[in-house]
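Hello,

Here is the structure I promised to pass on to you. Have a look at it first, and then read on for my notes.

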Amino acid sequence: MLFNNRNTTASESIRKALDKQAIKFVRAIKQDTRSGKTEDRILVLATWRLYLFAVKVPTKMEVTFNFLEIRAMNTYPEHQVVIDTDKTTYSLRLQTQDQLDHMVNHINFALSRVFNNSIYAPPICRAEGDLTEEGSHKFSPNSESSVEAQKTCGGFSETYAALCDYNGIGCKEEVQWDVDTIYHSQDNREFNLLDFSHLDSRDLAVMVASIAYNTWFTKLHCKDMRIGSEVVDQVLHTVSKSNSLEELTLENAGLKSDFPQKMASALSENPASVIHSLNLAHNTLDNQGVSNLIQQVCRLNKGLRLLNLSKTSLSSKGVVTLSQALCSSDDYSNSLLHLDLSKNPGVLSGEDATNLYMFLAQPNCLVHLDLSGTDCTVDSLFGALLRGCCADLSYLNLSKNSFSHRKARDSLPTFRQFFSSAFSLTHVSLASVRVPPDSLRALFLGLSNNPHISDLHLDISSCELRSAGAGVMQELFPRVSCVGTLDISDNGLDADLLAVIPAFSRHPSLKHLMLGKNFNIKGRVLDEILQKLVHLVQEEECALQSLSLADSRLRQRGTVLVNALGSNACLRKVDLSGNLLEDSGAKMLSKALQINTTLRSVTWDRNNTTATGFQDVARALEHNFTLQYMPLPLGDVTQAYRGAPEKTDQALNKIQRALLRNNQTQRFSQKQALRLHQGLVTSTAEQVMERLCVRVQQQVCVLKASEEGEEVQSARQILKEARDSKALYPSLCELAHVLSVDGPVKQRLDALAGELAKAADKELQVVVDSMVSLCRELCPMSCSAAERLSTPLSSISEQVSIPRSAIRNALMERAAEDINRALEEVKLSVVSYLTNSIVDQILQELYTTHKTLVLDTMAIKKRSSRTRRIRPVSTRQSLDEPSPSPTPSAPPHSAPLTHSASWECLSTLPTNGSPLRHVTHVRPRPPRKHRAGHPPPESHSSENGGLTQSHDDLQSLRRKKRRSVLSIFSGFRKNRNSTISNQDSEPGLCKGVCGSASENVYSMIQHPKEAGRPESTVPGANGAVQGVPVHGMRAASPSCLIQRQVHADRTTSVSDVPADTQTNGHVASSKHQADRQMEKGRQERIVPLTDPRTDTEEDREAPCGPRPEPPPQSIKPSLAVMRQRHLQDNLGTAALFGSVSKTPHTNSLM
């Protein structure tokens, strides 16, 4: 810089006064004063400001103003320039013409950077002197030497700095850096005030003002952020000046009601405005101002494409004026694509809505229409939509409205015709609308007849469909082939889901299903619904990709569905939030994730999951390589942090690391796929095949001695193929793997890597040679000097190349992995198809062969080999839930034992080397007149009274024997004391019976089953069938098998029994008779394990008196003592029964 006649001291003083500002020009000048005198001054030009300093040391700043304050600048002869500002006028005289030209051009260049050569830039400089064209060109803003050809983001940072200097606020370097780096790198042309919400209102106002003349940004966005009056004023200024702003979004920005009117005035000042999208949602606006704004926008060049006036306090009169403005010009019919008037209650409830319907009935190009929450009559709207919006309408939201029940039937044909004629529908929402069954039927019938649309999102949630709507869906939805997403949540379906869920089975197009808030039921019905859902997603032809059961509060019963996710092969996304599944549900989810390979997203929150549950999920994800997205469960995490913060934090970190790993390229192990297929599919088919093979082999062995026919030879061949089929799946997988190790794909990739390397070298050579040629054209002298360097420019192309390893790694490690993964999936599906087809055929042949060899064969349930196994329900869960319904994977319960269970089947068990057989076991039974186990309420009478008494004695003895046997089992229960105390009070006769029975029961518990003895049912003493333990069921303690149930038996008075009853020298004691009288009306029976009755209930129902006090521990008999009693009294018991069988009355029964 030149300092004429000024020393270094003055220069340092000026620099100190200007601090860090860049000094562009410094000259000594003379300033004309008002009195006609001149004063010496030092002229300093900074980037955006002019300074005048006094000529003294230390120097003092006399005048300063920003270039934007200049209203006019005129040059005169004798190197004079007159500058008019907002406050005053300055007359300056420079020493030479060059200095004057330099000053004027510097100011013009600075202002051009602020206004970006806009047509609205003020004409500041008018030269009246001898300003040469050379000087003008030298410092022209359009000169290539002074202005960049392409400024970053339209020069926003420079404009922002100039405006900050003009307003006297500090320039925020972070704003310049964000715009020049982030916005520019992303090619983002939407200026979002939310990115700078941490700054003051004045800073935001300056940034908005910087967009007024900026040609880079085309969108101004502000949502859910209150802006002050300063910012609003600058927005209006930008609207009035900008010729590049196309979209304006001020949603929930706290605008005042008069903003639409002010904006209409601003637009009237800018005929070159290109605004076509206007979003003023969630602001309280004046209706008349909105109408004026719409009319003003209509006059613009591009028309209006988007208008969002959602929740703007529009009234019915405001809709009338808006509709009239829309109908006033045909430009809206040809330009308006998006119209949103939602969340303005009551605006379309009356007759004023007909004005809007008139606009919709005109041929238009609407694509997005949202009238939710406007109280419009839905059925009345479709007539207008059918005439005007049928071709282009894609998004239709009519939620939170209603049907007019009076005119609903009249509008059904129009309603149906619209859905059958729409060409572009992708989203239809009728949520929270009470849809009548007839309208729902018309909707489904219309969609079923529409061949134009596909993958439709249909939202009919919260429509109170209930049973009537469920019937319509069950009947008609299977015909609808264009729905890809269906939301029927919160419709009160509940038990009706039993009929609705089968309608989704094997639906060809349904991919996403939302069923939440429809499970307000309990018990067995809920279990059946969940089982239907399990079967739905387990079907081989199921097309569902996502399932949502959010906020259904399934609790522990929902773990049935979570448990089935492990073997599911279709779902890719599942939402189980809000079901209170607790840690047991998280445990089932962890087990499912360890074997599932299709799920990509799981939403799990509001399930009362603790740190333990999150740890289970984290451990499962260590072995899962396919799940990619699991939103952070904020509700459960907050609760879990309170109890165990460290464990929760560790589990969440593991989950996030696993998800991050899964989002990277991973190769699915073929061995893992093989093991998974064997565990879920192959083992099920092998079990069925093994059962059939055993049966066929038995028949072949039976027919071995006879002459072998074609059937036997065919059976042998089928058995051989069945054995060989076990190795079919792994052999096919191994074959596919071996052939792919060095297959055509790998060979082609190797060759392709070499070809790509050569092509890359050739491309590099061409590019580098072209670059060197361009350098020589632009800078020939410098290039000639560079040729003399150690590495001349001409030889660069020979030394530049891409490493061969980089190309090979890109192909073999990245592209090859993706290709191999796709190949392995296809090969695995082919292997599964071949194996399933062959195994199905073998099963069919085995089944046919078995029926051929055996005429009277057992029915064998044929299962499909393609059935995927479902993990059995947790035992703990089954115990916690009262009376759960059996699951398909759970083993069937053992057969319930009969009510009047006879223990004479125990006579087949050996005691002391010989079986115990009752002497009356060969006697035929009397004809029955009542069901087994339920004696008639009254005793049978006959002509011979002694017959009845003897029969009663025999039945009483049998009951006494059963009670004695069951008392052994009762000894293992908490109420055994009362039973054993009764036994101890009986002498001789009863003692012998109890001893015999106890020995039989003890032998059944302790001795193993004899080889070859079949397990079957044996007729009891009273004709009932006695159940025995089934095969594979471990011996349970008697207390687990028997429950007491006391009910009224047939009454027998003491007077009916003669006092001199004697049989073969054995006299029944009076004490025995008294015990029999005390025990009358009581009956022991065996009940199933799942009997819900408890001891407390049984004792409460007992007709007898209060339970006696238990005897002390010292007098309680042990099992060994009872065995000794049996050894001593066995003969007495046999003799007693023998004498009873020889009475005349008893013989008369035979």
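Below is what I found in it, going from the whole chain to single residues.

Please keep in mind that this is a predicted model. The protein has 1150 residues, and 46% of them are buried. Its secondary structure amounts to 39 helices and 29 strands. If you take the contacts with a separation of 6 or more, 78% of them link residues 24 or more positions apart.

Let me start with helix 6, residues 201-210. Eight of its 10 residues are buried, so the helix is largely enclosed by the rest of the structure. The buried ones are D203, L204, A205, V206, M207, V208, A209 and S210. What do they pack against? On the helical side, the partners of these buried residues are helix 4 (156-167), helix 5 (173-185) and helix 7 (229-241). Strand 9 (190-192) and strand 10 (219-223) are partners as well.

Helix 8 (residues 259-268) packs on helix 9 (residues 287-298) at an angle of about 20°, and their axes are 7 Å apart. The cut-off for roughly parallel is an angle under 35 degrees, so helix 8 counts as roughly parallel to helix 9. The crossing of helix 8 past helix 9 is left-handed. On the helix 8 side, the contact is made by P260, Q261, M263, A264, L267 and S268. Helix 9 brings G289, V290, N292, L293, Q296 and V297 to it. Sorted by class, the residues of this contact are seven nonpolar and five polar, with no charged residue.

The second pair is helix 12 (residues 353-361) and helix 13 (residues 378-388), which pack at an angle of about 25° with their axes 7 Å apart. These helices are therefore roughly parallel to each other too. Here Y357, L360 and A361 of helix 12 meet L381, A384, L385, R387 and G388 of helix 13. The contact of helix 12 with helix 13 has six nonpolar residues, one polar and one charged.

Now to some single residues. Where does K517 lie? You will find K517 in the loop between strand 20 (512-514) and helix 18 (524-538). K517 is partly exposed, with a relative accessible area of 46%. Leaving out residues up to four places away in sequence, K517 touches D490, N491, A550, D551 and S552. The C-alpha atom of K517 is also 9.6 Å from that of G578, a residue 61 positions away along the chain.

T835 sits in helix 30 (residues 804-853). Is T835 buried or exposed? T835 is buried, since its relative accessible area is 6%. Setting aside neighbours within four places in sequence, T835 is in contact with L728, Y729 and L732.

Last, the cysteines. How many disulfides does the structure hold? The number is zero. C775 is in no disulfide, and the nearest cysteine sulfur, that of C783, is 5.3 Å away. A disulfide would need the two sulfur atoms within 2.5 Å. C775 is partly exposed, with a relative accessible area of 42%, whereas C482 is buried, at 1%.

Those are my notes so far. Enjoy exploring it!

Best wishes

Definitions and conventions: Residues are numbered from 1 along each chain as its sequence is written. This is a predicted model: local features need pLDDT of at least 70, side-chain atom pairs count only at pLDDT 80 or more; totals for chains, interfaces and linings use all residues. Side-chain values use heavy atoms; hydrogens and water are left out. Axes are lines fitted to C-alpha atoms, for helices over the stretch in contact, and angles run from 0 to 180 degrees between N-to-C directions. Helices (H or I, at least four residues) and strands (E, at least two) are DSSP runs, numbered from the N terminus. Angles under 35 degrees count as roughly parallel, over 145 as roughly antiparallel, 65 to 115 as roughly perpendicular and the rest as oblique. A crossing is left-handed if the near helix is turned anticlockwise from the far one by less than a right angle, and right-handed if clockwise. Contact means heavy atoms within 4.5 Å. Ala, Val, Leu, Ile, Met, Phe, Trp, Tyr, Cys and Pro count as nonpolar, Asp, Glu, Lys and Arg as charged, and the others, Gly among them, as polar. Buried means under 20% relative accessible area, exposed over 50%, partly exposed in between (1.4 Å probe, protein chains only).
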